[in-house]
Amino acid sequence: MRTIDDFTRPLEYLSPLDDPLGKIVRDWAENYVIPHRRKFDEDWKEHALIEPAFKKLMGELGMQRVLFPEDLGGWGLGRSNYVGTASYRLFEEVARADSGMAVAFGVVYWPMVMIAMEPHVNRELCEEFAPIFCNTTEPRFAANAMTEPQGGADIENMEIVGGSTIQTTAVLDGDEWVINGHKLWPTNSGGVCDLFGVVCTTNPGSRDPNDFAFIFVPADTPGVTQGPPYQKAGMAADKNGDIWFENVRVPKSYRAHGPGLDLMYFKEVISFGNMGSISFVGGVMLNVFERLYEFVSSETYKGQPLKEHDAVAGVLADFVRDTEIVRMCGYQYARMLDRPDLYGPRWSDEMVAKGRAIKYWACDQGMADVGKAMNLMSSYGADRDWDIEKHWRDLKIVQLWMGGKQLCQAEVARWFFDLETV
Amino acid sequence: MSSHDLFPCMYEWMSDMDVSLAGNLRRWAESELMEKRLELKEDYAALLAPAMRKLFCDIGLQRLFWPEAHGGDGHNSPSAAYTMVAALEQVARGDTGIALLLSSLWALQTCVATEGRVNEEACEALSPVITSNDAPAIVSLVLPLFRDVPQAKAKLSRGSWSVEAEKARPASSGADASVFAVLCALEGVDDPGDALGIVAIPGDAKGIKRGSAFLKTGLAADRNADVEFAKVKAPEAMCVARGVEACRAALAWFYLGVSASNVGALFACHEILKEWGDNRVIKGKGNIFKDNPLTAAVMAEVAKEISVDRLLTCDLARVLAEPAIYGPAGSEANFVTASMVAHQVAQSAEKAIGNAMEMMASAGYATEWNLERYWRDTKTMQLCLGPYELAKMDVARYFYQSQAR
Ligand SMILES: Cc1cc2nc3c(=O)[nH]c(=O)nc-3n(C[C@H](O)[C@H](O)[C@H](O)COP(=O)(O)OP(=O)(O)OC[C@H]3O[C@@H](n4cnc5c(N)ncnc54)[C@H](O)[C@@H]3O)c2cc1C
């Protein structure tokens with residue numbers, strides 16, 4: 001019998017952590033997530049079922065520490081040359097069980113990309129924030145607060161909009177930044193966040209890259225208010241809500257790097273976001289494969305397993321084709337992030353565009369394929385007990401977030417065709 | 001301009017009554033559902049059940065396609081196809097699940113009560129349910145999960161059917177049904193053309209065992225559960241569709257209902273997307289969403305899908321409404337047309353609402369904006385049609401005389 005381990009992986013450039021970490025996370029998924037996930041949707045507000053699984057993965061198994069330097073209690077992944085491929089495997093395994101958990105877990109790393117990655121490690125900030133994540137066995141959450149009420153896509157569309165729509169302001173007052181603004185939707189908001197990375201402007205309306213600021217704000221800083229989580233079509237394991245910053249004061253040093261550099265490295269955050277998104281699609285497709293395999297083998301049509309019907313087999317083949325391609329492209333992109341010496345800096349427009357191209361292809365294809373898998377299952381396709389409908393609902397947001405497909409299209413066309421206005 | 005007037009529709013086929021009913025149902029949808037759902041979400045007891053009761057019993061849609069002689073409104077000729085479409089579009093705009101329940105009810109009623117071939121005994125048996133002023137008549141269709149393989153079998157002996165199914169999964173409403181309409185393989189019938197039938201069984205008949213309602217993607221108004229039929233007895237006349245052609249006719253009417261319900265969901269999608277497009281600003285200050293060529297192109301695509309889906313649904317209504325021109329509803333040609341239209345419209349709804357969600361990003365995914373529920377509902381409804389891959393075998397058989405099964 002074929003299993004998900006029969007899908008191709010690039011054996012020649014897997015990270016040394018691939019096997020051990022993959023195994024640990026798969027065991028965790030089998031024991032802590034898969035038996036409970038059918039009830040996650042109803043647990044969207046309380047997280048009574050979801051929280052213990054986070055505690056095990058992030059706190060007890062220590063996955064929330066991996067990006068930080070070893071001497072600060074981390075695993076040093078941020079300084080390795082396999083941060084992309086190792087993270088890809090981790091995220092894929094978590095997403096196989098629950099892509100909402102995968103994004104919540106992945107976003108714990110996300111703002112840390114600004115400060116914990118070579119060649120731009122900000123040692124002072126790593127020292128400041130590592131204890132939050134490394135000195136505990138409780139799960140701790142970080143959030144990357146970009147999106148604002150007037151629009152998230154524009155904030156990511158730096159080339160054209162140039163940060164001019166950012167309304168969260170940061171004003172230097174002596175040795176402190178004073179932050180005011182309203183963010184919404186970040187993963188790990190909705191009341192759970194411990195540390196925010198906040199996209200701000202130091203000069204509202206400006207298009208000057210120097211005015212883009214990425215500033216860390218511990219969630220318990222006076223003036224920070226987190227609203228309750230929103231109810232969504234899926235992704236119950238990820239809480240999203242409003243965050244208000246009212247005259248929030250943080251030390252000057254909490255700005256990630258400073259004028260110009262914040263924006264430059266922020267694009268690396270986008271590259272990682274794209275890589276993570278692709279891995280979530282891949283993880284979902286692997287589990288859909290497993291569940292679908294069981295369904296089409298056990299259900300019969302005219303005396304034969306459903307999978308033996310030639311036309312059904314055609315759809316099954318397409319599903320595998322796309323899962324293979326998502327995985328190969330995903331690992332390839334992760335590898336490109338691992339080897340800036342070969343592929344150029346992770347924050348280059350080229351890397352962002354290539355990441356966006358694969359991300360939106362994978363998302364579109366994944367949505368279509370999982371939708372077709374549901375269709376093959378007749379009424380069972382919509383049944384929570386078969387898990388696939390949950391993956392379908394969860395996956396939709398991976399397609400919509402980070403500026404949506406149109407921003408991906410704009411950035412891809414812009415880079416490859418030298419566009420100037422789109 | 002309301003969506004009803006905006007998207008192309010063959011008005012010349014509709015009566016004044018159809019148009020005015022649509023107007024009334026539009027108001028019902030707004031006051032009973034849309035104005036309350038921000039607060040009540042998809043609450044069955046507080047929102048959906050009262051709205052359904054009002055629609056089915058007070059407004060009386062459950063009596064529409066029912067002979068006057070049996071306490072109905074007597075709108076029981078095939079030309080009711082247009083009325084059904086006009087009504088279902090508006091009902092589904094308010095709640096797609098309620099529209100699916102109405103589609104199931106009407107599909108059964110076309111078997112029992114169509115003018116000229118009224119099954120008097122079955123009408124009599126079902127009238128208390130259909131003409132109730134208090135309880136919605138909820139019909140659970142137990143259709144093949146996989147194309148033409150029934151989930152149940154029935155045997156006739158001494159004037160009574162005995163229906164058996166170990167664990168049937170209805171298309172809808174297994175938990176709530178007041179009547180089951182079970183498509184069965186008829187045992188002991190020699191001619192394969194006669195070996196299929198739909199047996200109507202009151203929900204409280206002896207031998208019916210319902211499981212508990214299962215969690216599913218959408219259609220909160222439809223509380224579905226697996227059902228066991230252990231030698232459930234029904235009088236001979238309760239086989240309300242006998243033979244392949246009669247069963248196909250019932251399916252063709254159901255497919256019409258599903259198509260019209262999808263169109264109604266798409267109307268709602270269009271309204272939500274329009275509001276977004278009129279007000280959202282992207283690409284920096286002052287750029288109205290709908291004026292951006294990239295997003296306008298996707299919005300146009302959504303409108304195209306809705307328009308084409310509505311025209312196709314109107315055409316299918318025409319085919320079923322005019323047997324004198326197009327032949328009986330259950331002919332192979334009409335059944336295949338109905339199946340193609342239903343699958344086409346269902347897939348198109350999945351695509352169009354998915355695209356609309358893409359336009360609205362997080363807002364499209366949040367329950368607060370109400371778009372995502374139509375996406376979940378229409379996908380769930382699509383699955384009631386069974387796998388498209390298998391339905392294609394009927395199409396290939398008709399158009400190419402393919403023997404593929
Ligand atoms: C589960 C979940 C997790 C999330 N996680 C995070 C997070 O961690 N951090 C965070 O900051 N945000 C997060 N978000 C928000 C998400 O990233 C934004 O919703 C997304 O970036 C789009 O922003 P928006 O919703 O404001 O839509 P808008 O910015 O208004 O965009 C709407 C649509 O407009 C179109 N569009 C945008 N720009 C252009 C253009 N230039 N040309 C043509 N079309 C365009 C696209 O189709 C887009 O989908 C999350 C949302 C959800 C639901």
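**Aromatic pairs and domain contacts in the predicted model**

A:Tyr109 is buried, with a relative accessible area of 5% (buried: under 20%; exposed: over 50%; partly exposed: in between; 1.4 Å probe, protein chains only). The model is predicted: local features need pLDDT of at least 70 and side-chain atom pairs pLDDT 80 or more, whereas totals for chains, interfaces and linings use all residues. Residues are numbered from 1 along each chain as its sequence is written, chains are lettered from A and ligands numbered from 1 in the order in which they are written, and side-chain values use heavy atoms, without hydrogens and water.

Over all chains, 32 aromatic pairs were counted (rings of Phe, Tyr and Trp, the last by its six-membered ring, with centres within 6.5 Å; planes under 30 degrees apart are stacked, over 60 edge-to-face, the rest tilted). One of these pairs joins A:Phe105 to A:Tyr109 edge-to-face, at 5.5 Å between centres and 65 degrees between planes. Both residues belong to helix H4 of chain A (residues 99-109), where four residues, about one turn, separate them (a helix is a DSSP run of H or I, at least four residues, numbered from the N terminus). A:Phe105 is also buried, at a relative accessible area of 0%. The pair of A:Phe289 and A:Tyr293 is likewise edge-to-face, because the ring centres lie 5.9 Å apart and the planes meet at 70 degrees. These two residues are four apart in helix H9 of chain A (residues 261-298), about one turn of the helix. A:Phe289 is buried at 13% relative accessible area, while A:Tyr293 is partly exposed at 23%.

In chain B, the charged end of B:Arg223 sits over the ring of B:Tyr44, 3.6 Å from the ring centre (NZ of Lys or CZ of Arg within 6 Å of the centre and within 35 degrees of the ring normal).

Chain A is assigned domain 1 (4-139), domain 2 (143-261) and domain 3 (262-417), with bounds from an automatic or database assignment. Between domain 1 and domain 3 of chain A, about 3800 Å² is buried, 61% of it on carbon and sulfur atoms (accessible area, 1.4 Å probe, lost by two parts on being put together, summed over both). A:Phe7, A:Arg38 and A:Tyr88 supply 21% of the area that domain 1 of chain A buries against domain 3 of chain A, more than any other three residues.
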